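Work through the exercises below with the model in view. Try each task before you read its solution.

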Amino acid sequence: MLFVVDMQNDFVDQKRGLMAVPGGEEIVPGILVRIKKVEEDGETVVYTLNEHHEMEEDLRSQEEKAWGHELYGPLKEALEGHVAVKKGYYAVHPEKLMEALTNAGKDHLSMDHIELVGVDTAVCVLSNAVVLRNLFPDAKIIIRTNLTRAKEDELGRKALDVMKGLSMVVL
């Protein structure tokens, strides 16, 4: 399974994104390649949609806020037809993920590997990796560092160390 974390305009678009992660745009081409490969292999692609709450400092119009929640650029088309899981804050709710997989007709019982890509390594990638580790304790969890970005480099490195400590493969 490929698990794509929060690749929405607000987190990726460096010019207009409210919470843009530095380098988020740079990883998009690589994520598109991974999506295509996973599709060719007949595996599952899951992506998160962070439903960030109203923030006092967000003075944008409703139209701009809606734009911020949308998938970034070419990912919108590439992820069409794959499994979307809405989340608030940091990680998917385990029951919502399992429900989304079941509704999409995906066999989550035989999940043997899960690859995570996206933003922010130190927050949402880490949080979702922990949820996935607990849901699928026997699965090989892989973090592709060339396809993740953190808002703060040092925190990103520390998060990768934590994931290694949780027996995840950090490439």
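**Exercise 1.** Find the residue just after α7 that takes a positive phi, and give the angle.

Solution. Just past α7, Ser 167 has a positive phi of about 60°. This is a predicted model: local features need pLDDT of at least 70, side-chain atom pairs count only at pLDDT 80 or more, and totals for chains, interfaces and linings use all residues. Residues are numbered from 1 along each chain as its sequence is written, and side-chain values use heavy atoms, without hydrogens and water.

**Exercise 2.** Which residues of α7 are buried, and what covers them?

Solution. Start with the buried set (under 20% relative accessible area, 1.4 Å probe, protein chains only). In α7 it is Gly 156, Ala 159, Leu 160 and Met 163. They lie on the same side of α7, because they cover an arc of only 100° around the axis (taken from the directions from the helix axis to the C-beta atoms). Their cover includes α6 (121–135), β5 (140–149) and β6 (169–170).

**Exercise 3.** Describe the largest nonpolar core.

Solution. Such a core joins buried Ala, Val, Leu, Ile, Met, Phe, Trp, Tyr and Cys residues through side-chain atoms within 4.5 Å. The largest has 28 residues. Phe 3, Ile 114 and Leu 116 have the most contacts inside it. Next, see which element contributes: α6 gives the most, with seven residues. Apart from this core lies another, of 22 residues, among them Val 4, Val 38, Val 119 and Leu 147.

Key. Buried means under 20% relative accessible area, exposed over 50%, partly exposed in between (1.4 Å probe, protein chains only). Helices (H or I, at least four residues) and strands (E, at least two) are DSSP runs, numbered from the N terminus. Contact means heavy atoms within 4.5 Å.
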